[in-house]
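This report goes through a few local features of one protein chain. Keep the sequence and the structure in view while reading.

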Amino acid sequence: MERRFRTALGLVALSLVVAGLSWAATSRERSLAVYPAQHIPLRFDHAQHLAAGAECVSCHDAVRASDSSKERNLPGHAECETCHDLEAARKGEKTDPPSSCNTCHPGFDATVRMAPPKVDVPAANLHFSHKVHVQKKVECTTCHGTMTDVKLATRQQLPKMASCFECHDGSVASKQCKSCHPTEPSGRLQLTFPSGVLRPMQGNPLGLDHGPRYEFTHGSRASVDRQTCMSCHAESYCQSCHDALQKPLSVHPNDFITLHPVQARMDSARCSSCHRMQSFCAACHERTGVGMDADRSLRPRNVKVHPDYAAWVEVPGPQHHGIVASRDIQQCVSCHREESCMSCHSEKSVRRQVNPHPDGFAAACKRVAAANDRACLKCHTETSLAQKGCR
């Protein structure tokens, strides 16, 4: 049983690692939702052909008139026969350059009456016109790279959005998402395709990297305006989290109202990515009576914060706030500041004064004040320190 359990744990850990690697890999690749997976069972060397004097239009001349991304614009036998004597190769003659079928179709046996494996290059899920770009004098290398060190071209040589934005900046060419991306009848971008889900990845030029835990950071993306978000998401999508009722457990776990002060102190920027301190936090604390100046009639509502107010403040014992503070001061400072303590534990306090120093502290008082009296002056006046013989 134990061995099976360990094996199961190992498989779970491995799946998490693979998932992480999968995300890391896809974040650097082209999106499958834009460029579906390809199957190209061919042997080809772009660098070799360019070195021999071939140009892009030698093989891809059809792009000059291509108006749609659904058009393949890939060379067929007709383009290959410009240099390769396929007919002579079929007769068994030696040709230069080599022209036999298995030169480009590895493993293909011409003696077997069977077609070579099919090339599958699905159309990109984009609105695109090669014709318009050619007329605008856009060089092939602007979008596809130089190709001088590329053998078989794949989806890795298709342009990324950052390349598109070099021209599509709203000035030279439109920068609206729907200029290139298909839309739904609602006018928002189509996000789901048979090949995958459209999701901004690492390196997104708009700063929209929807990586893991994006729900915690999207609110602080100052460079992103609401209109950009609404290109993909409907108002109802936002309301699924921003409905002021119940948040997904991935954002706020159960009983988060009790736990949130510690996290708020440790990482307030994460909180402020969704919440405004003055309008949200302060208003909630005011309504619930959390705070030193809150109406005392509201304090019984805060049983999760301070279970028994009398025992917490008035009566010495294991639940007295001084004992709790000595055990875990971090828990206290998640809500309270120095001023909260000084409202009672200071000679300057207008409330009753409670000495926070332990018995016998007078012996150490002079030594502490001599080392640095700034801490002493937080609660004591210079006159009182002098009277105590600490000055």
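E87 is partly exposed, with a relative accessible area of 43%. The model described here is a predicted one. E87 takes part in a salt bridge with R90, and the closest N and O atoms of the two are 3.1 Å apart. Both residues belong to helix α5, where they are three residues apart, or about one turn of the helix.

**Salt bridges**

Side chains of opposite charge can pair when their charged atoms come close. How many salt bridges does the structure hold? There are three salt bridges, listed in the table.

| Pair | N to O distance |
|---|---|
| R64 and D61 | 2.6 Å |
| E87 and R90 | 3.1 Å |
| K378 and E338 | 3.2 Å |

K378 and E338 form a salt bridge with their closest N and O atoms 3.2 Å apart. This pair links distant parts of the chain, 40 residues apart: K378 is in the loop between α19 and α20 (382–387), while E338 is in helix α18 (residues 338–342). K378 counts as partly exposed at 38% relative accessibility, and E338 counts as partly exposed at 44%.

In the pair of R64 and D61, the side chains meet at 2.6 Å, N to O. R64 has a relative accessible area of 44% and is partly exposed. D61 is also partly exposed, at 42% relative accessibility.

**Backbone exceptions**

Most residues other than glycine have a negative phi, and most peptide bonds are trans.

The peptide bond from D96 to P97 is cis, and its omega is near 5 degrees. P97 sits in the loop between α5 (86–90) and α6 (101–104).

K137 is not a glycine, yet its phi is positive, at about 65 degrees. The loop between α7 (130–135) and α8 (140–144) contains K137. Is K137 buried or exposed? With a relative accessible area of 69%, K137 is exposed.

M147 likewise has a positive phi of about 65 degrees although it is not a glycine. M147 is located in the loop between α8 and α9 (161–164). With a relative accessible area of 13%, M147 is buried.

A153 is found in the loop between α8 and α9. At 22% relative accessibility, A153 counts as partly exposed, because buried means under 20%. Which residues is A153 in contact with, leaving aside its neighbours within four places in sequence? A153 is in contact with I40, H46 and M147. One of these, I40, is 113 residues from A153 in sequence, but the C-alpha atoms of the two are 9.2 Å apart in space.

Notes
Residues are numbered from 1 along each chain as its sequence is written. This is a predicted model: local features need pLDDT of at least 70, side-chain atom pairs count only at pLDDT 80 or more; totals for chains, interfaces and linings use all residues. Side-chain values use heavy atoms; hydrogens and water are left out. Helices (H or I, at least four residues) and strands (E, at least two) are DSSP runs, numbered from the N terminus. Buried means under 20% relative accessible area, exposed over 50%, partly exposed in between (1.4 Å probe, protein chains only). A salt bridge is a side-chain nitrogen of Lys or Arg within 4 Å of a carboxyl oxygen of Asp or Glu. Contact means heavy atoms within 4.5 Å.
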